[in-house]
Amino acid sequence: MTQRLTDDLINSIPYAKMLGVKAEFSDGGLLLILPYLKSNIGNPTLPALHGGAIGGFMEVCAMAELRRRAPELPFAKPIGVNIDYLRRGKPVETFARADIFKEGARVSNVRVRAWQESEDKPIAALSGHFLLPKAK
Amino acid sequence: MSAFIEKLWEIGPALVDGTPHARELGVKFVAIDKGLATLSLPYNVELIGDPRSRVIAGGAVTTVLDQSCGLAAIAGFDGFAQLATLSLRIDYQRSATPGKTIIAEAVCYKTTRHVAFIRATAHDGNPEDPVATAQAAFMLTGPLYKVTDDVTNTGKTEGQTT
């Protein structure tokens, strides 16, 4: 997947642009990057990233990875997600990668890990079911 | 109304506006009571998650639900404190209607010494037909500053959530 296609995919989502999300294609999947922006802060005194921004970032990651696998179809829709917050989101760059845990005909189960300094120290994790669009 | 709830009515809008990400999305304070908080998120094209349908992103709904749960937790703890989200479960019942304001209503139904349990609903006009429902757990990450009915000055007014 070329960097241009990856950029187009992310840039087609206004909400992802608002968060400042960037994406790269590496190791056979999308690596999403959430640059540090003051507008993603939830607690300015700590400071810490907003739980909603981290959750939304991981949701975008899941939907972008599903879309990458079927670029001719519309975006999948989230049915239900579980988000675990594991560490404080520091005011630095955050990364996320989605793993399609189970691919079904209509629904896929996706797991997303978000980290900052090191991938083996996740700051948050999401697992959720996404409704796949029907091929026309 | 307790002095604490009265204080929350007074500073509720500032608590939301003082949260940069809530402010960025356009989240607004609506109402507060003991263990209850209501916020709104007006429709904005920048929040769109699916360009074909123009429906706002699940993540934007996640943020307003998270923020309302945090505020309900403060109202439930009955004091000002630093809080962190531990877990958040969101079920999306249907797509939000493009153009309509999202209302998030949160109920903190239980607090322990360190943890608050909250349920929340997001709808776009009819509470009987929710867009999403949420279940959250928040943890205190610092001391709890109580506001007693006879002492109005607490010294501290921290109440942001992450």
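1. Chain A first. Read along the sequence, its elements follow the pattern α-α-β-β-β-β-α-β-β-β-β, which comes to 3 helices and 8 strands. Its radius of gyration is 14 Å, close to the 14 Å that the globule rule gives for 136 residues, so chain A is as compact as a globular protein of that length. Along the principal axes, the C-alpha atoms of chain A fill a box of roughly 50 × 30 × 25 Å. Please keep in mind throughout that this is a predicted model.

2. Chain B next. Here there are 3 helices and 10 strands, and from the N terminus on they run α-α-β-β-β-β-α-β-β-β-β-β-β. The radius of gyration of chain B is 15 Å, close to the 15 Å given by the globule rule for 162 residues, so chain B is as compact as a globular protein of that length. The box filled by its C-alpha atoms, taken along the principal axes, is roughly 55 × 25 × 25 Å.

3. Within chain A, 8 bridges join β5(A) to strand β8 (residues 122–131) of chain A, and the two run antiparallel; A:N82, for instance, stands opposite A:S127 in β8(A). Across the chain boundary, β5(A) and β6(B) are joined by 5 bridges and again run antiparallel. Here A:I83 stands opposite B:L88 in β6(B), while A:D84 stands opposite B:S87 in β6(B). Further on, strand β6 (residues 83–92) of chain B pairs with strand β9 (residues 132–140) of chain B in the antiparallel sense over 9 bridges, with B:A132 in β9(B) as the bridge partner of B:Y92.

4. As for the interface as a whole, 35 residues of chain A are in contact with 34 residues of chain B. On the side of chain A that touches chain B, at least two residues each come from α2 (14–19), β3 (41–43), β4 (48–49), α3 and β5 (77–85) of chain A. Which element gives the most to this side of chain A? That is β5(A), with 8 residues. The residues of the side of chain A that touches chain B divide into 18 nonpolar, 13 polar and 4 charged.

5. A pair of helices also meets between the chains. The axes of helix α3 (residues 51–69) of chain A and helix α3 (residues 58–77) of chain B come within 8 Å and cross at roughly 155°, which makes α3(A) roughly antiparallel to α3(B). Their crossing is right-handed. On the α3(A) side the contact is made by A:G51, A:G52, A:A53, A:G55, A:G56, A:E59 and A:V60, and on the α3(B) side by B:G58, B:G59, B:A60, B:T62, B:T63, B:D66 and B:Q67. The residues of this contact divide into 3 nonpolar, 9 polar and 2 charged.

6. Finally, two backbone details in chain A deserve a look. Most residues other than glycine have a negative phi, and most peptide bonds are trans. The peptide bond from A:L46 to A:P47 is cis, with omega near -15°, and A:P47 is found in the loop between β3 and β4 of chain A. A:D27, although not a glycine, has a positive phi of about 50°; A:D27 lies in the loop between β1 and β2 of chain A.

Notes
Residues are numbered from 1 along each chain as its sequence is written. Chains are lettered from A and ligands numbered from 1 in the order in which they are written. This is a predicted model: local features need pLDDT of at least 70, side-chain atom pairs count only at pLDDT 80 or more; totals for chains, interfaces and linings use all residues. Axes are lines fitted to C-alpha atoms, for helices over the stretch in contact, and angles run from 0 to 180 degrees between N-to-C directions. Helices (H or I, at least four residues) and strands (E, at least two) are DSSP runs, numbered from the N terminus. Angles under 35 degrees count as roughly parallel, over 145 as roughly antiparallel, 65 to 115 as roughly perpendicular and the rest as oblique. A crossing is left-handed if the near helix is turned anticlockwise from the far one by less than a right angle, and right-handed if clockwise. Two residues are in contact if their C-beta atoms, placed from the backbone, lie within 7 Å. Ala, Val, Leu, Ile, Met, Phe, Trp, Tyr, Cys and Pro count as nonpolar, Asp, Glu, Lys and Arg as charged, and the others, Gly among them, as polar. Two strands pair if DSSP finds at least two bridges between them. The radius of gyration is taken over C-alpha atoms; the globule rule is 2.2 Å times the number of residues to the power 0.38.
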